[in-house]
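User: Hello! I am new to this structure and would like to learn how to read it. Could you take me through it step by step?

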Amino acid sequence: MERIEAVAKNLRASGGRMTPARKSVLNALVSARSHVTAEDLMNMVQAESPEVHLSTIYRTLDALENLGVVDHVHLGHGRAVYHLADNAHQHIVCELCSSVEEVPATLFAQLERSLMEGYQFKVRMNHFAVIGTCKSCQAREQKQSG
Ligand SMILES: [Zn+2]
Ligand SMILES: [Zn+2]
Ligand SMILES: [Zn+2]
């Protein structure tokens, strides 16, 4: 099954209807293959449907998030970016070169359990990226200091 069909199936399973705006936004998310802002999505959608405004994009993204098929994440100081919610993942972002890598959400299971057990805090790890220094930037830093 194509990814867009699988997403459409999830949408209907959550009780959502497929509208032209939803379809355009989901198609744009599938073809983007990476994390895009609402403005990026607007530009992609407007290439085919110039009448779709940014407010419609935001409204559509909201509805798709409520239906559980789209998610947004904050990768750093910039705007929220959107991605399909069909594969649970967490983002690690390098604060030096801004590279973004996706890692399995399960890596954080122990931390989630500890926060629940120790603080009765139900953490939602994937709302924000984990910030640090990537491998190649660490290598560069070591060279500079050595
Ligand atoms: Zn947010
Ligand atoms: Zn993502
Ligand atoms: Zn880096």
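Analyst: Gladly! Keep in mind that this is a predicted model. Let us start with the nonpolar core: the largest one has 16 residues, and Val 25 and Leu 41 touch the most other members.

User: Which helices and strands each supply at least two residues of this core?

Analyst: They are the helices α1 (3-13), α2 (20-32), α3 (38-46) and α4 (54-66), together with the strand β2 (80-84). The most comes from α2, which gives four residues.

User: Which residues is Val 25 in contact with, leaving aside its neighbours within four places in sequence?

Analyst: With those neighbours left aside, the contacts of Val 25 are Leu 41, Val 45, Ile 57, Thr 60, Leu 61 and Leu 64.

User: Now the domains, please. Where does the domain assignment place them?

Analyst: The assignment gives domain 1 as 1-85 and domain 2 as 88-146. Their C-alpha centres lie 25 Å apart.

User: How many residues of each domain are in contact with the other?

Analyst: Six residues of domain 1 are in contact with eight residues of domain 2. On the side of domain 1 that touches domain 2, two residues are nonpolar, three are polar and one is charged.

User: Let us turn to helix α5. How many of its residues are buried?

Analyst: To count as buried, a residue needs 20 or more other C-beta atoms within 10 Å of its own. Helix α5 covers residues 109-119, and of these 11 residues the number buried is zero, so the helix lies largely in the open.

User: What comes just after α5?

Analyst: There you find Gln 120, with a positive phi of about 45 degrees. Gln 120 sits in the loop between α5 and β5 (130-132). A residue is exposed if 12 or fewer other C-beta atoms lie within 10 Å; Gln 120 has 7, so it is exposed.

User: And Ser 98: what is its phi, and is it buried or exposed?

Analyst: Ser 98 is a residue other than glycine with a positive phi, near 65 degrees. Look for Ser 98 in the loop between β3 (89-94) and β4 (100-104). Ser 98 counts as exposed because it has 11 C-beta neighbours inside 10 Å.

Methods. Residues are numbered from 1 along each chain as its sequence is written. Chains are lettered from A and ligands numbered from 1 in the order in which they are written. This is a predicted model: local features need pLDDT of at least 70, side-chain atom pairs count only at pLDDT 80 or more; totals for chains, interfaces and linings use all residues. Domain bounds come from an automatic or database domain assignment. Two residues are in contact if their C-beta atoms, placed from the backbone, lie within 7 Å. Ala, Val, Leu, Ile, Met, Phe, Trp, Tyr, Cys and Pro count as nonpolar, Asp, Glu, Lys and Arg as charged, and the others, Gly among them, as polar. A nonpolar core is a set of buried Ala, Val, Leu, Ile, Met, Phe, Trp, Tyr and Cys residues joined through C-beta atoms within 7 Å.
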